[in-house]
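Me: I am new to this structure and would like to learn how to read it. Could we start with how the strands are put together?

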Amino acid sequence: MRTWLSAHFSLEEMIATQQRGLDNRPPQAVLTRLRQTAEVLEQVRALLGDSPILVTSGYRSPAVNRAVGGSASSAHMRGEAADFICPRFGSPLAVCRAVAASDLAFDQLIEEAGAWVHLGLGGRWRREVLTWRPGQGYGRGLRP
Ligand SMILES: [Zn+2]
């Protein structure tokens, strides 16, 4: 039985983690935010031509976030971020270009190592677009 947060995104996929043994159940306040995050992902999905989005990391409890080396202030811990891919639409860079060119509201959009997209919501809604590369860290804008 899946619990749906929105039409296409389930609670289970938004709280899945490889960190076996660590509690990753979201508190109530986070659950509310996960529903809002799922609604934004629905907008991204529509923007990408209704292509299925595969969430690789949504909510992270503080313990899970520490285990995966996430930032100490990670929006994932608030339920306000999702890492995802959308292979049917294209590469993470192509997805980032489409989201950046849209009028979608977000705080951070990060193309991560050519491997996935990080979309962070809430906070200051900066619409900040970044590229992350191993060994180089974060840089402004998108680059191949
Ligand atoms: Zn992320």
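Reply: Two strands pair if DSSP finds at least two bridges between them. Here strand β3 (residues 108-112) and strand β4 (residues 116-120) pair in the antiparallel sense over five bridges. Strands (E, at least two residues) and helices (H or I, at least four) are DSSP runs, numbered from the N terminus. This is a predicted model: local features need pLDDT of at least 70, side-chain atom pairs count only at pLDDT 80 or more, and totals for chains, interfaces and linings use all residues. Residues are numbered from 1 along each chain as its sequence is written.

Me: In the hairpin of β3 and β4, how many residues lie between the strands?

Reply: Three, and Ala-113 in this hairpin takes a positive phi near 60°. Within the pair, Leu-109 stands opposite Leu-119 in β4.

Me: In which sense do β3 and β5 pair?

Reply: In the parallel sense, over five bridges. Leu-109 has Val-129 as its bridge partner in β5.

Me: Where is Glu-128 found, and what is it in contact with?

Reply: Glu-128 belongs to strand β5 (residues 128-133). Two residues are in contact if their C-beta atoms, placed from the backbone, lie within 7 Å. Leaving aside neighbours within four places in sequence, Glu-128 is in contact with Asp-107 and Gln-108. Between Glu-128 and Ile-110, 18 residues apart in sequence, the C-alpha to C-alpha distance is 8.2 Å.

Me: Why does Glu-128 count as partly exposed?

Reply: The count is of other C-beta atoms, placed from the backbone, within 10 Å of a residue's own: 20 or more is buried, 12 or fewer is exposed, and in between is partly exposed. Glu-128 is partly exposed because it has 16 C-beta neighbours inside 10 Å.

Me: Which residues have the most contacts inside the largest nonpolar core?

Reply: In soluble globular proteins, nonpolar side chains tend to be buried together. A nonpolar core is a set of buried Ala, Val, Leu, Ile, Met, Phe, Trp, Tyr and Cys residues joined through C-beta atoms within 7 Å. The largest one here has 26 residues, and Met-14, Phe-84 and Leu-119 have the most contacts inside it. The elements giving two or more residues to this core are α1 (11-15), α2 (28-47), β2 (81-85), α4 (92-101), β3 and β4. The most comes from α2, with five residues. Not counting residues up to four places away in sequence, Leu-119 touches Ala-81, Ala-82, Phe-106 and Leu-109.

Me: Which residues of α2 are buried, and which are exposed?

Reply: An α-helix has 3.6 residues a turn, so residues three or four places apart point the same way. In α2, the buried residues are Val-30, Leu-34, Thr-37, Ala-38, Leu-41, Val-44 and Arg-45. Seen down the helix axis, they fall within an arc of 115°, so they line one face of α2; the arc is that of the directions from the axis to the C-beta atoms. Gln-28, Ala-29, Thr-32 and Ala-46 are exposed on the other side. Among the elements covering the buried residues of α2 are α1, β2 and α4. After α2 comes Gly-49, whose phi is positive, near 70°.

Me: How many helices and strands does the protein have?

Reply: The secondary structure comes to four helices and six strands. From the N terminus on, the elements run α-α-β-α-β-α-β-β-β-β. Buried residues make up 32% of the 144 residues.
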